[in-house]
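Here is a short briefing on one protein model. Look at the sequence and the structure first, then read the points below.

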Amino acid sequence: MKFAAEQESDHSEDFDRVAARCAACAVAGRSLEATLAEFEQHLDEFLPPDPDGAEAENPDLRRRLLRIMVRALWGILPNPQSRFDLPQVAVPGRNALCHCGSGRKYKACCQALERRLPPPVDHINLLPVLLEALPRERWAELVGSRVSYDRLGDTVRQWGEAGRWPEVLELLTPWFADDRALVMDNEWLLDMYLDALEGVGDLEGRSRVLARAVEHGDRPLRSAMLQRQASRVADRNRFEEAWALFEQARSLDPRSPNLSHLEVVMLIAEGREPEARKRARFWAGKLERRRKSDLAGLIDLLHDVARRGQAALFEADVGFSADDRRLQAALREAPAATNRYVLDVVDGNAGPLQPGPELARALAAWNEVIAPVSWFPGDASAAEDRLNELDAMLDLLEQYPLLWDGFEVLDLLQDAAEALVPVDAADPPVRTLGERAWVLLERVLEENAAQDARLEWGFVENRPALSAAAKALMPLVDSEPEVLIERLERLLRLNPNDNQGLRSLLCRALTATGAYARLVALCERYPDDFAELQYQHALALFALERGEEAARVLRAAAERYPKVFEYLDSSRANAPELTPGRVTAGGDDEAWMYRVEYREYWRELDALAWARKALR
């Protein structure tokens, strides 16, 4: 089943579009039932029939699938009618009438269908989507509401990383309209507010807010803000002033654990390393007596500083940790990759990957501890989030060594390893894990006589394997182009629909190596693709001296994506506003990105003059 724009977009764009409509309905005060009715009126817009699918002549199936998706999204969308909490979406009892209105019992209607679809999970944050639909003058309604601080913090983080500081400032300013918010529980929110003021260049405003927090905040918050000032002053080597601020902070909140880190950092920065080691040992013992699990990481660092001094702080700053070394050791001791999956090949399709009984039991134990990927559109767990689970992952691998043969495990380990700064940059863990995923995939296919079969993304069970194999390609981009191309072509044979967007990476690799005949073959496999493949199709044909075909393909590409050639041919194009992670089909951002990636190749082949003539 495809959503409306899948032929011209990826899953996350479809997800965003449906979620945005849900958010608009919620902001307008519509109920879930009214929202469902609106979606059903636009069934062909949001869920058009796939001409090649079994549901092409079954609009009722499509209607039920759309309802299931909208209900799932509604349940994870902060709703103004619920004071920005998640609304409760009632699930019928097994013997109750189904919510879709079929008149059948739920267990005989949509229950089985819902179980086959990957559900969204609560950690997908739809607050940014809701805020896009909510008029800005209403953003102040979030103050004092039931909005999740986790969702609010994640939203601010996303906007900050995208450079959207004016919006962050507009969102957070109402929270600090008076002094009631100046309490330690809101320290993280105040930190983001200060970052936003700095992000928009209002340093005077930042200083005023910081001074207000130091003067009117509760004692722990005042201490935290003074510690922040001490750190900044110490960075400028004004140590006498920094130590005065440190003493003020300690007098306000002597139990603040962050004082320990600040003190040893300042001592080492001042060249007093022996004293820093001694104080680190003192602080580690003091904090251990509190018996609080959330202090474990800080205590470990202090012990390390006591042993190794400045080197320990340096490694902590650049991302080294005991996790790096532990993962490296675990990889050295990992057993050889072994096939523990079963495939049932029918008509060239391998079907879903099914783990054997032993691996299935081990994966069940894994999923009780490690948050699984939902594989729902729009859900992308950050590598940093998985890094926080790395210790637990390694514990499970020690307990169940056969988990090394689980694609779900390798996929998440790669996410965690991606966030590490490796001890050995020449042999990073992410590369070792990727190679293991690739070897395992080929072994599974070979031992199931499925080397030439399709392993399609449409089966949820196959996604961890395809995801892990794709991540294994990233370290090859700059170092081993021929291996990269071979493996990309292999993955596209396994999953021809290319739900992962690998054809774009292959297009770039083929262009960079001058493999124009293979590039033509790739482009002809995806004739209605985005601008990138259409324009590269024309360039490859030109390079192969197939001028008439090249001109015909170029004219079709320019008719569909005219902005691309405008940017490509311009001698002085300016970068448009870009949104990280998002590209608009036919938009200025897509045209600019094509220019940046490919203009040099057009110039090297002297193809721009030919293209101008062909388009006249």
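A residue is called buried when its relative accessible area is under 20%, exposed when it is over 50%, and partly exposed in between (1.4 Å probe, protein chains only). Of the 616 residues in the protein, 48% are buried. The model is predicted: local features need pLDDT of at least 70, side-chain atom pairs count only at pLDDT 80 or more, and totals for chains, interfaces and linings use all residues. Residues are numbered from 1 along each chain as its sequence is written, and side-chain values use heavy atoms, with hydrogens and water left out.

**Overall build**

- The protein has 31 helices and two strands; these are DSSP runs numbered from the N terminus, with helices (H or I) of at least four residues and strands (E) of at least two.
- A contact means heavy atoms within 4.5 Å. Among contacts between residues at least 6 apart in sequence, 64% join residues at least 24 apart.
- The accessible surface is about 30200 Å², and carbon and sulfur atoms account for 49% of that surface. Accessible areas come from the Shrake-Rupley method with a 1.4 Å probe; for residues, only the protein chains shown count as cover.

**Salt bridges**

- The whole structure contains 42 salt bridges, each being a side-chain nitrogen of Lys or Arg within 4 Å of a carboxyl oxygen of Asp or Glu.
- Arginine 67 and glutamate 40 form one of them, at 2.9 Å from N to O. This pair links distant parts of the chain, 27 residues apart: arginine 67 lies in helix 4 (residues 59–74) and glutamate 40 in helix 2 (residues 32–41). Arginine 67 is buried at 6%, while glutamate 40 is partly exposed at 27%.
- Glutamate 442 and arginine 490 meet at 3.2 Å, N to O. They are 48 residues apart and link distant parts of the chain, with glutamate 442 in helix 22 (residues 429–447) and arginine 490 in helix 24 (residues 481–494).
- Arginine 308 and aspartate 304 meet at 2.8 Å, N to O. Both are in helix 15 (residues 296–308), and because they are four residues apart, about one helical turn separates them.
- Salt bridges also link Glu132, Arg136, Arg164, Glu167 and Glu170 in a network.

**Nonpolar surface patch**

- Leu578, Val583 and Met593 make a nonpolar surface patch of about 220 Å². Patches are made of residues with over 30% relative accessible area and no salt bridge; like charges are joined within 9 Å, and nonpolar side chains (Val, Leu, Ile, Met, Phe, Trp, Tyr) within 5 Å.
- Leucine 578 sits in the loop between helix 29 (562–569) and helix 30 (588–604). Its relative accessibility is 40%, so leucine 578 counts as partly exposed.
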